[in-house]
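Subject: A structure for you to look at

Hello,

Here is the structure I promised to pass on. Please open it next to this email, and then read my notes below.

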Amino acid sequence: MKYMLLIYGDEKAWTVEEREQCMEDSTQICHQLNEQGKYLGSSPLQPVSMATSVRVRGGKRMVTDGPFAETTEQLGGYYIIDVDNLDEAIEIASRIPPAKKGTVEIRPIHELEDLPIASSAISVQESR
Amino acid sequence: MQEIRPTIESVYRTESRRVFATLVRLLGDFDLAEDALHEAFTAAVEKWPEQGLPDNPRAWLVSAGRFKAIDAIRKKERLNELATDLAEEAGPAEYEMEDLDEAKFGDDDLRLIFTCCHPALALNTQVAMTLREVCGLTTEEVASAFLTSPPTVAQRIVRGKAKIRDVKIPYEIPSKADLPERLDSVLSVIYLVFNEGYSASFGDSLTRADLSCEAIRLARLLLDLLPDSEVMGLLALMLLHDSRREARVDSKGDLVLLEDQDRSLWDREQIREGMELVERAMTADTVGIYTMQAAISATHAAAASTETTDWGRIVALYDLLLTASLSPVIELNRAVAVAMRDGPEIGLDRVDEILGRGDLTGYHLAHAARADLCRRLGRADEAISAYEKAIALTNQGPERRFLQKRLEELS
């Protein structure tokens, strides 16, 4: 079963050093998960000050600065994992560093059958 | 031939939820298991009168239920992945008995409890599912116990089952590392069920008092399956509280305070069992919050009156409880115990300290405690104003009547 772990937290709660440590620890966990065949992808996101929101209403496109909602906790990154069940996903979620400061939301992925496998992802893998 | 009917009924009462627990594991789905359970008992009504009672009725029912479920899936020609998997596991269309040993049955009961109380489910869903699936209450009974409508309860259960299925909540006993946290979740569901029945004993509905019995029964089952000291502590706490049920309300249905209760009405058998459990639970390596509260309750139970109560011990137990779980409500209870030990003036200082922090200003019992201490100290004006605040914050009829009566005595 595939789950997405969405990392929410207050961006301002991290010092530069803490953020670097967090990235380092997270990277290690990703490698561990990958060795166990449980890793599908993950990435931190740049801060919400870099966000751009797009809406199309009545055929008209509206582009605005900022995230879709102003909240004290922001989406800061994600993991996609492939594990047996929710308890295993909870176990991994509680191990990733941002869980100590923010909230990790676990969402099962709704799998659609006819989606393509990203060709760019495959070529990146091959070129390595 | 007619004689086996009562036997089947008694087997249904004692075994149906446990057969259900095993069927959920074998079939991997709550709804399939529910249907299979009914099919199994239908088969029992047909077969047992001719064949006699099987040696192991539970194993027979599980086998029959599993067989019927797979058969039904085959018949419907819904040969999807699930059916194929199950059919492969089940092998030939015969009842298989060998893997249905007792140890596995016990684990299934626990699996069911832990799954229904999984923290990924909303608390009211956990409660509804536990009462429905573990205790076997009907949707109507659960609804009347919680003063909601049957469709609301049914919807909670449907949502709960859907979440269990769609997010893949495993049907497993939690790992050793997760057990304390997951057990907490189960214990709080049981305690919530108990309290709903206990505070509701003022009402006129009997079902709600049954709710406390159901919680006690559930804790007994859990203790049987998982001999943990906090399970023991919670069972003790509920038994000790429940032992005072008769004395808590007078003939008019009004609340009677602990100090005014007729202690001869306390259920001695429940007290004896509760105290024995507390003693055992207190010897554990880590003493949990339910055990500490049970120990406080046991100290009350051991005394013949408020005057002869060991208030020093109660204060000490509250101190212990505060180190485990810092909460202003516990602090308030401690303050009341301090007042009993050291006099109302010192107790009042403590209560004012808590109220002064702003923690419990919206909590009616904090004002009621303040009112009572002022009354004892002869500070009538302050008592009146505190009673008025408490009454304004109270929603519960009997408590309001009690406070009103005290207020009238002063005015």
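Contact here means heavy atoms within 4.5 Å. On that basis, the contact between the two chains takes eight residues from chain A and eight residues from chain B.

Some background before we go on. This is a predicted model, in which local features need pLDDT of at least 70 and side-chain atom pairs count only at pLDDT 80 or more, while totals for chains, interfaces and linings use all residues. Residues are numbered from 1 along each chain as its sequence is written, chains are lettered from A and ligands numbered from 1 in the order in which they are written, and side-chain values use heavy atoms, with hydrogens and water left out.

**Where the chains meet**

The size of an interface is often given as the accessible area lost when the parts come together. Chain A and chain B bury about 670 Å² between them, 60% of it on carbon and sulfur atoms (buried area is the accessible area, with a 1.4 Å probe, that two parts lose on being put together, summed over both). Of the area that chain A buries against chain B, 61% is supplied by Met1(A), Leu86(A) and Asp87(A), more than by any other three residues.

How many salt bridges cross the interface of chain A and chain B? The rule (a side-chain nitrogen of Lys or Arg within 4 Å of a carboxyl oxygen of Asp or Glu) finds one. Asp87(A) forms a salt bridge with Arg182(B), and their closest N and O atoms are 3.3 Å apart.

**The sheet and helices of chain A**

Helices (H or I, at least four residues) and strands (E, at least two) are DSSP runs, numbered from the N terminus. Two strands pair if DSSP finds at least two bridges between them. Chain A has an open sheet of four strands in the order β2-β5-β1-β6, with antiparallel pairing. Its edge strands are β2 (39-44) and β6 (103-108), each pairing on one side only. Strand β1 (residues 2-9) of chain A pairs with β6(A) over six bridges, and Tyr3(A) has Pro108(A) as its bridge partner in β6(A).

Helix α2 (residues 86-95) of chain A lies across β1, β5 and β6 of chain A, running at about 155 degrees to β6(A). Axes are lines fitted to C-alpha atoms, for helices over the stretch in contact, and angles run from 0 to 180 degrees between N-to-C directions. Glu91(A) and Arg95(A) join their side chains in a salt bridge (3.0 Å, N to O). Because they are four residues apart in helix α2 of chain A, Glu91(A) and Arg95(A) are separated by about one helical turn.

Enjoy exploring!
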